[in-house]
Amino acid sequence: MRAAAAGGLGPSLVAANGPTEWTLAPFSEAVQQGHAPDHELAPTMPRFSPQQITDANLADIQAYLKALR
């Protein structure tokens, strides 16, 4: 089940089954390719290439999201 726009503009990033529950590999795939574990992200969600965002950056972003809980 996806969050119902609890993030204001889209789903909550800290909802159950959201990015804070994923391992780094699915999180990276979602950010870079738009493929979340259970759905495709909306076309309005930007994608970032490995040249634009490093693996270390992705790990830091995911750690930050997990800290929001």
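The largest nonpolar core has nine residues: Trp22, Phe27, Ala30, Val31, Ala36, Leu41, Ile53, Leu58 and Leu65. Such a core is a set of buried Ala, Val, Leu, Ile, Met, Phe, Trp, Tyr and Cys residues joined through side-chain atoms within 4.5 Å. Buried means under 20% relative accessible area (1.4 Å probe, protein chains only). Helix H1 (24-33) and helix H2 (55-67) are the elements that give two or more residues to this core, and H1 gives the most, with three.

This is a predicted model, in which local features need pLDDT of at least 70, side-chain atom pairs count only at pLDDT 80 or more, and totals for chains, interfaces and linings use all residues. Residues are numbered from 1 along each chain as its sequence is written, and side-chain values use heavy atoms, with hydrogens and water left out.

**The chain as a whole**
- The chain has two helices and zero strands; helices (H or I, at least four residues) and strands (E, at least two) are DSSP runs, numbered from the N terminus.
- Of its 69 residues, 28% count as buried.
- The accessible surface is about 4700 Å² (Shrake-Rupley method, 1.4 Å probe), and carbon and sulfur atoms hold 60% of that surface.

**Helix H1 and what follows**
- The buried residues in H1 are Phe27, Ser28, Ala30, Val31 and Gln32.
- H2 is included in what covers these buried residues.
- Val31 is in contact (heavy atoms within 4.5 Å) with Pro46, Arg47, Phe48 and Leu58, leaving aside neighbours within four places in sequence.
- After H1 comes Gly34, with a positive phi near 85°.

Note on methods: Buried < 20%, exposed > 50% of the residue type's maximum accessible area, 1.4 Å probe, protein only.
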